[in-house]
Amino acid sequence: MNFKDIARGKQADYFENHYGITEFATVKRKPRGRTEPIDFHVSALLKWEDAKDGKIFHEGYRAEILKEISRLRQSGEYVPSGMMMCHTLRSEHIPWNVFFPMSLNDEMKNSAKNVFNSIIENVSSTLPKIKEITDIKIEYAPIDKDATEKPFTRCYLNDKTSFDTYIGYLAEDGIMGGIGIEVKYTEEGYRPGETEKKAAITDHENPRYRYWDVMKKSGYYIPEAYNPNRNYPNIWSPLVSDELRQIWRNHLLGASMVQHNDITHFLSLHLYPQGNLHFHGDGKHAGAVSDYKRWLSKEGQRTWTAVTFEELFQLMQDCFPGHKDKLWINYLKERYLF
């Protein structure tokens with residue numbers, strides 16, 4: 001049984017055991033060879049009547065999460081996908097459950113500081129640690145408010161790339177820094193859309209697109225990362241492959257913030273469950289995490305890391321001491337670990 005099937009069963013069991021939900025949604029799909037769509041039962045998809053009150057979020061912080069999502073939607077800062085409230089196997093809801101509660105008060109931010117300082121120290125003992133967390137934002141894309149050209153020029157990569165979570169901080173050396181977090185659950189690689197395909201692959205040297213220029217200026221990659229690879233002979237870099245592109249884009253988004261002088265210190269953090277072998281690998285395959293890391297220069301390795309759900313939740317357990325914290329972390333473990 002593959003990881004997605006295991007996760008599907010786990011989520012179905014969770015919602016049955018905690019909410020008595022035994023019936024899930026159906027969607028219309030047209031199987032190959034048929035002229036008309038038919039109903040497919042999807043055991044990972046909550047019915048709207050079960051999802052609309054936010055059951056996909058932790059009960060202890062549900063009201064705060066829904067209030068913030070509503071505020072962001074009304075302000076135009078965030079437009080959640082229609083599936084976020086319903087689809088239990090997509091990762092979009094997970095940053096709200098894991099990271100948003102860390103933003104609610106100074107005590108939570110201080111405990112979060114200890115979590116992220118442990119991660120920073122594990123990357124390199126010479127990196128300045130966090131003195132104070134200033135921002136914790138979900139679905140954050142930095143923009144240039146003064147940009148006037150179109151399309152997308154307000155966006156640093158000239159596209160819609162965003163961090164699933166962004167941690168802004170003041171470092172112990174008095175300089176601003178940021179941690180950009182990409183969260184994955186059952187997702188693996190993916191094919192690019194037409195705009196992304198042009199920007200990353202077919203027209204990457206066009207100045208209209210930003211990946212190539214930001215990558216060159218970053219110094220994060222070894223020379224071999226700019227050449228075709230025997231595993232991917234038809235593309236200019238293995239980093240733009242379906243397996244690595246999402247990791248690469250989020251790393252570049254942080255590099256673009258450094259190049260815009262928004263921050264000086266940056267760490268790109270890739271978060272995923274250990275059971276997702278696309279990222280973690282096994283005895284037969286190295287996995288996307290190890291594959292990506294081998295293309296990084298010394299400076300690139302100081303600005304990128306990967307952490308499993310299991311590792312993060314253990315750090316949170318060590319750093320968040322309160323009773324409500326324990327209930328929250330136990331929920332995360334029950335909901336997402338195997």
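Visitor: Where does glutamate 139 lie?
Guide: Keep in mind that this is a predicted model. Glutamate 139 sits in strand β3, which covers residues 130–140.

Visitor: Why is glutamate 139 called partly exposed?
Guide: Buried means under 20% relative accessible area and exposed means over 50%, with partly exposed in between. Glutamate 139 has 24% relative accessibility, so it counts as partly exposed.

Visitor: What makes asparagine 158 count as buried?
Guide: The cut-off for buried is under 20%. Asparagine 158 has 10% relative accessibility, therefore it counts as buried. You'll find asparagine 158 in the loop between β3 and β4 (163–171), and its phi, near 60 degrees, is a positive value in a residue other than glycine.

Visitor: Switching to helices: how do the axes of α6 and α8 cross?
Guide: The axes of α6 (residues 194–202) and α8 (residues 245–259) come within 13 Å and cross at roughly 80 degrees. Angles of 65 to 115 degrees count as roughly perpendicular, which makes α6 roughly perpendicular to α8.

Visitor: Which residues make the contact?
Guide: Glu196, Ala200 and Ile201 do it from α6, and Arg245, Trp248 and Arg249 from α8.

Visitor: How do the residues of that contact divide?
Guide: Three are nonpolar, none polar and three charged.

Key:
Residues are numbered from 1 along each chain as its sequence is written. This is a predicted model: local features need pLDDT of at least 70, side-chain atom pairs count only at pLDDT 80 or more; totals for chains, interfaces and linings use all residues. Side-chain values use heavy atoms; hydrogens and water are left out. Axes are lines fitted to C-alpha atoms, for helices over the stretch in contact, and angles run from 0 to 180 degrees between N-to-C directions. Helices (H or I, at least four residues) and strands (E, at least two) are DSSP runs, numbered from the N terminus. Angles under 35 degrees count as roughly parallel, over 145 as roughly antiparallel, 65 to 115 as roughly perpendicular and the rest as oblique. Contact means heavy atoms within 4.5 Å. Ala, Val, Leu, Ile, Met, Phe, Trp, Tyr, Cys and Pro count as nonpolar, Asp, Glu, Lys and Arg as charged, and the others, Gly among them, as polar. Buried means under 20% relative accessible area, exposed over 50%, partly exposed in between (1.4 Å probe, protein chains only).
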